[in-house]
Amino acid sequence: MSSRQLFRPRANTVSRIVVYGSVPLCLVAAAWSIALARSSWRTQQDRFVQQPVPFSHEHHVGGLGIDCRYCHTSVETSAFAGMPPTQTCMTCHSQLWRQADMLEPVRRSARTGQPLRWTRVNDLPDFVYFNHSVHIHRGVPCSTCHGRVDRMPLMRQARSLAMQWCLGCHEHPSPHIGAANPFDPAARPAMALGKHPRAVLDSRGDPLPRLLECSICHR
Amino acid sequence: MPTPVEIIQAWRERLARAEGAAYCDALQEAAGDRVLCGALQEVMPELAHVWQRRIDRRRLLQLLGASLAMSGAAGCSRAPREKLVPYTAMPEGLVPGIPQTWATALSRGGSYAHGVLVKTHMGRPIKVEGNPRHPASRGASDAFSQAAPLELFDPERSRACTRRGAIVSSSAVLRALAAVRDRWSARAGRGLAVLTGSTSSPTLQRQVHALKSQLPEARWYVHEPIDRSSVIEGAALAFGRPAEPIYDFTRARVVVALDADFLDAMPGHLSYARAFADARRALDRHDSVNRLYAAQSTATLVGARADHRLSVKATQVNGLARRLAVLLGVIDDGTSSHDQEHERWLRLAAADLQAHQGEALVLCGDHQPAAVHVLVHAINEKLGNFGRTIRLIDPVADASRSNGDLRALCARMAGGAVDALFMLDVNPVYSAQADLPFAELLSRVPFALHSGLYQDETAGASEWHVPAQHAFETWSDVRAFDGSASIVQPVIAPLYPGWSLPQWLALIMKGEPGDAMGIVRGTWRALWAPARDRDFERRWHESLASGVVDKSQSASLTTALDRNWQAHVQRSVPSEGLELRFTADASVWDGRYANSAWLQELPRPLTSLTWGNALLISSALARELRVVNGDHVSVEHAGHELTAPVWIMPTDYPRHTLTLALGYGRTRAGEIGTDVGVSAYRLRTSAAPWLGTNVKVRAVEGHSALAAVQLHHEMHGRDLARQMTLDGFTAGARASHSEGNRLPSLYPEIDRHGRYAWGMTIDLNACIGCGVCTIACQAENNIPAVGKAQVLLGREMHWIRVDSNRVGDRGEETVFQPVPCMQCERAPCEYVCPVEASVHDSEGLNVQVYNRCIGTRDCSQNCPYKVRRFNWLDYNGYEREQPLAAPAAVMNPDVTVRSRGVMEKCTYCVQRISRARIQSKIEERTIREEEVIPACAAACPSHAIVFGDLLQSDQEIHRWRGSARHYVLLEELGTRPRTTYLAALRNSKPLDDETLKS
């Protein structure tokens with residue numbers, strides 16, 4: 001073994017910085033990744049996207065008072081709420097705003113039979129099997145998940161739609177159910193109206209912990 | 001120079017002496033020692049790659065660090081923005097997200113249909129179920145129908161018309177057709193020949209009739225590799241008119257099957273399997289149980305389920321039938337069987353038949369010569385079985401208008417009398433018998449056109465090829481084994497250009513394809529002859545909705561035995577030497593389903609082979625030839641020779657018989673089906689299509705790895721698949737060893753508080769081992785096919801497997817046992833999962849959370865039933881295109897598509913439970929029994945699987961579980977499975993000397 005110096009004195013400082021610095025660095029990295037995972041960049045909450053037609057829920061729901069089910073026809077019967085076929089748009093727009101440039105993609109779709117291609121705003125991962133109909137029948141207002149669409153000129157994702165957010169209701173469903181008319185944009189759950197939400201749940205059935213089981217949403 | 005063994009020994013000694021740090025140094029030195037590495041490579045060549053591809057410590061740390069960093073980086077992404085594409089005009093009655101069901105019919109091979117319900121999701125057919133209203137289905141389905149959606153979306157289907165391999169437009173085909181039409185029209189059809197498979201379609205029959213009256217010189221030939229001609233001929237000889245027998249197993253107390261596989265091979269097998277299983281269901285010890293005698297010339301499902309089995313040569317079956325006829329007094333003939341075992345079996349059967357006249361049934365296999373059928377008819381007539389357990393109907397696939405089979409066509413082609421040949425939905429270049437030079441004759445035909453689903457062998461040899469339409473894309477009609485007709489309706493618009501079979505006939509006759517629906521409606525308008533248009537529309541829509549045309553069953557023929565029937569009985573002598581049996585394959589049939597990965601990977605019943613066929617031989621013959629599984633042998637028959645790998649069958653397999661399944665060795669099937677197995681057609685002659693005699697076999701060089709999923713069938717003393725004797729059952733024995741008491745357990749008591757408690761019970765007495773449950777599960781649950789190489793590594797993904805277990809004192813009997821996840825209440829898999837991906841829900845499901853799974857595989861290691869499957873590779877083509885991955889269109893949208901590195905398993909079809917639960921919540925009621933039927937139970941032909949809620953005492957599963965046959969698999973482990981079994985029953989006739997002497 002030779003006695004030659006392998007490291008310069010500076011190496012001590014460097015190694016100390018590395019050793020002591022790595023702890024806060026790891027903490028910062030962890031905090032940053034947790035923050036990132038919850039950020040709206042990741043969840044895409046409150047972000048607007050380019051759509052083929054700048055459809056305004058504010059105008060159609062808030063202004064004209066069209067019921068959700070007029071376009072989202074299968075919301076009470078199916079997992080999927082349904083997207084209106086071009087024909088639904090044309091029921092009115094074959095008469096109204098016939099010359100509007102904004103509506104040209106709709107007219108073209110009706111003319112050519114090529115469907116409109118909307119970009120999904122409220123999108124759950126493919127391994128989550130959300131069912132609209134059962135939530136509607138439990139009296140969960142549309143606005144619980146979709147926000148006040150009657151105040152949205154362009155559609156945006158109103159909630160984070162993270163699993164933690166879903167579990168918030170599934171853990172304590174009572175305050176969120178039992179709305180008399182879930183389709184009313186301003187609908188309030190039963191508890192908010194001073195009713196007995198516990199009774200609502202019991203009369204309909206499931207023991208509560210069931211709602212927290214994996215197989216409820218994942219298959 | 002020391003030998004490698006000495007070098008290794010020296011290092012061993014040195015390592016044994018070293019301790020502590022010196023030991024580590026020695027190891028380090030050993031790893032770097034070239035002499036030692038060389039010696040190790042020499043001694044263990046199969047592990048050479050370990051030394052050659054060395055990974056040092058530095059490299060290992062690099063890889064570890066990189067994978068850690070990349071797994072973190074993978075999380076730093078956002079979900080891609082997806083598109084929502086609504087309809088422009090919503091189809092009537094469609095609710096997005098709710099599947100629609102359409103009734104139609106599918107036929108195995110060409111002619112004998114069973115009704116199916118096709119589930120379509122947003123217009124995509126994704127799953128097939130049996131149609132409970134259809135007599136041939138009774139709610140069950142076969143493996144081919146389960147794979148039909150995959151076939152529909154097969155990217156390798158023929159997509160365009162071609163001429164000599166170059167793509168042409170369909171109008172070019174029409175122009176060419178018009179030119180040849182002019183030629184034959186002028187000559188009353190002379191030179192025109194149409195070759196189709198055998199067909200039961202009333203529309204096609206009507207069109208052929210029209211064709212022949214319009215063009216009297218035109219010829220129609222029928223080529224069906226797996227046909228029933230000897231059945232029809234046998235009835236013609238016995239009764240003086242062609243007919244087909246159909247059987248009623250519910251009334252038959254004694255069944256004698258002479259080489260007849262009515263559970264698998266015969267038309268009507270689904271309904272026969274159900275009736276047979278129902279007749280021996282016996283949940284209670286007072287219930288009656290039928291008795292099955294089976295003589296078999298190869299391994300069959302019927303033989304496996306038989307109470308009395310006899311393994312014989314196929315040519316000995318005639319002798320058996322003769323002797324049986326003598327014992328029953330049908331014919332008079334002094335000879336007795338020279339074989340003691342045969343004689344005993346025959347006497348037992350004869351005594352039983354005698355005692356159950358009118359409640360018995362004798363039947364023989366479709367492949368047996370007509371003479372045997374004559375004898376069997378005479379025996380049934382003598383026993384008074386006609387009108388009770390058996391009846392005769394007109395042949396379902398009427399070929400009386402045809403001008404013969406492929407042999408007749410070849411003769412005509414050789415004479416140069418065929419100018420224009422249409423080969424519609426047939427593949428004769430591949431499936432022609434070895435003695436017919438069809439391909440060569442075809443090259444001399446001036447105008448040859450092939451229409452088929454694939455660019456197959458015949459397409460390659462024909463000038464013109466036009467894509468055919470899939471059964472899900474077109475209008476047609478078809479009959480079932482009992483004559484019941486179904487209208488075949490499209491469930492999706494045609495994916496590719498092409499014409500359906502009725503349109504082809506219209507094209508040939510009129511020059512234009514016309515509208516397929518109009519042609520089919522025309523047939524039924526003529527058949528029903530309705531008084532008013534409204535009546536026709538009503539019947540038409542009723543037939544479409546129910547999937548079967550009301551009251552269309554064929555009427556029973558009332559015929560007496562022909563006076564001269566005895567003249568047709570033959571005194572054939574069993575052949576010396578070896579015999580070669582050709583069988584239809586359980587997965588590819590006659591070869592037409594070869595390009596389906598699901599079917600190729602479905603373990604064949606009894607052998608559990610996947611991806612190819614093999615020559616089945618007896619163990620005695622294997623010893624003689626000195627071959628082991630996979631070794632090549634050369635088979636010589638009638639001047640034709642073929643090299644095939646062997647598969648050795650258990651001891652009860654007939655010693656002098658070789659069996660080779662048809663349908664393999666395709667050369668132009670597609671990427672999946674080409675070059676899988678060997679083609680039995682190369683040994684098959686038109687003189688003896690089902691049986692080769694005086695076959696020579698010798699071992700040759702070569703070995704193929706055969707991918708079997710069950711490597712041994714012995715239970716090694718463990719009572720996995722249980723069987724009881726009927727006597728024991730009647731006397732009150734129980735299958736369960738614990739006498740119904742709960743065994744003590746070290747696991748904590750778990751509080752289950754669900755509203756439902758799902759459970760499944762599988763009746764081993766009803767299971768016929770066909771494997772439809774496996775493929776039905778695959779279709780429902782998006783289970784990938786993995787390919788032969790992966791199956792050889794034991795990586796098949798099936799969530800439910802069908803084990804065949806050898807039971808009995810000498811291991812000579814077989815009990816089939818479907819094994820899905822047991823959904824243990826105390827699941828060993830759950831205790832070992834580090835990330836809680838394997839968890840229980842309150843309804844008793846042991847659920848697998850794919851998103852949590854990190855792929856440690858501890859759960860599979862700890863599972864005593866070995867029902868968990870791991871995605872070793874990206875089988876579903878999630879990251880990169882995989883040739884075996886099913887197209888996205890065929891995926892069930894209700895089930896997650898698992899990616900690489902994830903463990904998966906049976907979940908009792910949780911998606912079906914969820915759908916029913918949500919519906920019941922909306923309607924504020926309890927889930928009804930019939931609402932949740934897992935895919936395996938729904939498809940099962942013999943109703944061997946029942947599923948239900950253990951908390952609702954009125955469900956069928958309770959009656960099953962109350963039976964003395966009920967037991968729990970590996971109950972002693974204390975896992976408390978929710979899936980349980982009913983033991984099989986063997987109803988052997990007690991041996992009394994009286995029977996044997998008389």
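# Strands, helices and the chain contact in a predicted model

Reader: In which sense do S37(B) and strand S38 (residues 979-982) of chain B pair over their 2 bridges?

Author: Strands (E, at least two residues) and helices (H or I, at least four) are DSSP runs, numbered from the N terminus; two strands pair if DSSP finds at least two bridges between them. Within this pair, B:His966 stands opposite B:Leu982 of S38(B). The sense in which S37(B) and S38(B) pair is antiparallel.

Reader: What pLDDT do local features need in this predicted model?

Author: Residues are numbered from 1 along each chain as its sequence is written, while chains are lettered from A and ligands numbered from 1 in the order in which they are written. The model is predicted: totals for chains, interfaces and linings use all residues, side-chain atom pairs count only at pLDDT 80 or more, and local features need a pLDDT of at least 70.

Reader: Where in chain A is confidence lowest?

Author: The predictor's confidence in each residue is the pLDDT, which runs from 0 to 100. Chain A averages 86, with 89% of its residues scoring at least 70, and chain B has a mean of 90, with 96% of its residues reaching 70 or more. For the model, the scores are ipTM 0.88 and pTM 0.90. In chain A the highest confidence, 94, belongs to strand S1 (residues 118-119), whereas the lowest, a mean of 45, belongs to helix H10 (residues 197-204).

Reader: Which element supplies the largest share of the side of chain A that touches chain B?

Author: In contact (C-beta atoms, placed from the backbone, within 7 Å) are 42 residues of chain A and 37 residues of chain B. Helix H5 (86-93), helix H6 (104-112), S1, helix H7 (132-137) and helix H11 (214-217) of chain A each supply at least two residues of that side of chain A. The largest share, 3 residues, comes from H7(A).

Reader: How many charged residues does the side of chain A that touches chain B have?

Author: Ala, Val, Leu, Ile, Met, Phe, Trp, Tyr, Cys and Pro count as nonpolar, Asp, Glu, Lys and Arg as charged, and the others, Gly among them, as polar. On this side of chain A, 17 residues are nonpolar and 16 are polar, and the number of charged residues is 9.

Reader: Are H1(B) and H3(B) parallel or oblique to each other?

Author: Two packed helices are described by the angle between their axes and the distance between the axes. Axes are lines fitted to C-alpha atoms, for helices over the stretch in contact, and angles run from 0 to 180 degrees between N-to-C directions; under 35 degrees counts as roughly parallel, over 145 as roughly antiparallel, 65 to 115 as roughly perpendicular and the rest as oblique. Helix H1 (residues 4-17) and helix H3 (residues 34-43) of chain B pack at about 125°, with axes 9 Å apart. H1(B) and H3(B) are therefore oblique.

Reader: How many charged residues has the contact of H1(B) with H3(B)?

Author: H1(B) contributes B:Pro4, B:Val5, B:Ile7, B:Ile8 and B:Trp11, and H3(B) contributes residues including B:Val35, B:Leu36 and B:Glu42. By class, this contact of H1(B) with H3(B) has 10 nonpolar and no polar residues, and its charged count is 1.

Reader: Why is one side of S6 and of S8 of chain B left without a neighbour in the sheet, and at which positions do the two strands stand?

Author: The open sheet of 7 strands in chain B has mixed pairing and the order S6-S5-S17-S16-S15-S7-S8. Strand S6 (166-167) and strand S8 (219-222) each have a single partner strand, so one side of each has no neighbour in the sheet: the two strands stand at the edges.

Reader: At about what angle does helix H16 (residues 406-414) of chain B run to S8(B)?

Author: H16(B) lies across S7 and S8 of chain B. The angle at which H16(B) runs to S8(B) is about 135°.

Reader: Is H20(B) roughly parallel or perpendicular to H21(B)?

Author: Helix H20 (residues 501-510) and helix H21 (residues 516-528) of chain B pack with axes 9 Å apart at an angle of about 90°. B:Pro502, B:Gln503 and B:Ala506 of H20(B) meet B:Ala516, B:Ile519 and B:Val520 of H21(B). The angle makes H20(B) and H21(B) roughly perpendicular.

Definitions and conventions:
Two residues are in contact if their C-beta atoms, placed from the backbone, lie within 7 Å.
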